[in-house]
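Let's walk through this structure together, one side chain at a time. Keep the coordinates open beside you as you read.

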Amino acid sequence: MSARIFSPAKTAMQSGKAKTGHWVLEFDPEMRKKIDPLMGYTTSGDMRSQIRLTFDTREEAVAYAEKEGLAYRIEEPKESKRRQISYAENFRYDRRTPWTH
């Protein structure tokens with residue numbers, strides 16, 4: 001039984017960094033999911049796949065995994081690169097591609 005510790009990225013619908021910065025411990029799936037032939041639902045007998053523990057810091061998540069004797073791997077968060085572009089950039093006269101409607 002192994003677990004994954006990561007810091008979730010912001011969703012595509014977010015422009016700010018709200019609800020980021022915390023750390024999550026999720027268990028890796030132990031069995032494959034299967035499709036119910038009658039209803040088409042995706043099911044699994046793996047109950048640990050439903051568990052998602054949140055921690056304030058990475059050290060707390062690692063300490064919990066070590067206390068419970070879980071094998072874990074840490075996925076470091078990737079820093080986002082933000083481009084600062086002003087509205088005036090749309091109307092520059094030396095653009096590489098012409099701006100048209």
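A residue is called buried at under 20% relative accessible area, exposed at over 50%, and partly exposed in between, using a 1.4 Å probe and protein chains only. The model is a predicted one, where local features need pLDDT of at least 70, side-chain atom pairs count only at pLDDT 80 or more, and totals for chains, interfaces and linings use all residues. Residues are numbered from 1 along each chain as its sequence is written, and side-chain values use heavy atoms, with hydrogens and water left out.

Let's begin with the charges. A salt bridge here is a side-chain nitrogen of Lys or Arg within 4 Å of a carboxyl oxygen of Asp or Glu, and the structure holds six of them. One of these joins R4 to E26, with the closest N and O atoms 3.1 Å apart. Helices (H or I, at least four residues) and strands (E, at least two) are DSSP runs, numbered from the N terminus. Because R4 lies in strand β1 (residues 2-6) and E26 in strand β2 (residues 23-27), the pair ties together parts that are 22 residues apart in sequence. R4 is partly exposed, with a relative accessible area of 22%, while E26 is buried at 19%.

R73 and D28 also meet through their side chains in a salt bridge, at 2.8 Å from N to O. R73 belongs to strand β6 (residues 71-75) and D28 to the loop between β2 and β3 (34-35), so this pair ties together parts 45 residues apart in sequence. The relative accessible area of R73 is 40%, which makes R73 partly exposed.

Next, look at E76 and R58, whose side chains form a salt bridge of 2.3 Å, N to O. This pair links distant parts of the chain, with E76 in the segment after β6 and R58 in helix α1 (residues 58-68), 18 residues apart. R58 is partly exposed, with a relative accessible area of 27%.

R52 sits in strand β5 and is partly exposed, with a relative accessible area of 46%. A polar contact is a pair of N or O atoms within 3.5 Å; within protein, one must be able to donate a hydrogen and the other to accept it, and residues adjacent in sequence count only if both atoms are side-chain atoms. The side chains of R52 and E26 are joined by such a contact of 2.5 Å. Contact in general means heavy atoms within 4.5 Å, and, leaving aside neighbours within four places in sequence, R52 is in contact with F6, P8, V24, L25 and E26.

What about a charge without a salt bridge? D46, in the loop between β4 (42-43) and β5 (52-55), is buried yet has none, and the nearest side chain of opposite charge, R48, is 6.1 Å away. The side chain of D46 reaches the backbone nitrogen of E30 at 3.0 Å and the backbone nitrogen of R48 at 3.4 Å. Not counting residues up to four places away in sequence, D46 touches D28, P29, E30 and M31.

S7 is buried, with a relative accessible area of 15%, and a polar atom of its side chain lies 3.1 Å from the backbone oxygen of H22. Beyond the neighbours within four places in sequence, S7 is in contact with G21, H22, W23, E75 and P77.

Finally, the rings. A charge sits over a ring if NZ of Lys or CZ of Arg is within 6 Å of the ring centre and within 35 degrees of the ring normal. R4 lies over the face of F6, at 4.0 Å from the ring centre, and R48 over the face of F27, at 5.0 Å. Rings of Phe, Tyr and Trp (its six-membered ring) pair if their centres lie within 6.5 Å; planes under 30 degrees apart count as stacked, over 60 as edge-to-face and the rest as tilted. By this rule there is one aromatic pair. F55 and Y64 form this tilted pair, 5.7 Å centre to centre with 40° between the planes. F55 counts as buried at 15% relative accessibility, and Y64 as partly exposed at 27%.

Key: Lys, Arg positive; Asp, Glu negative; His and termini not counted.
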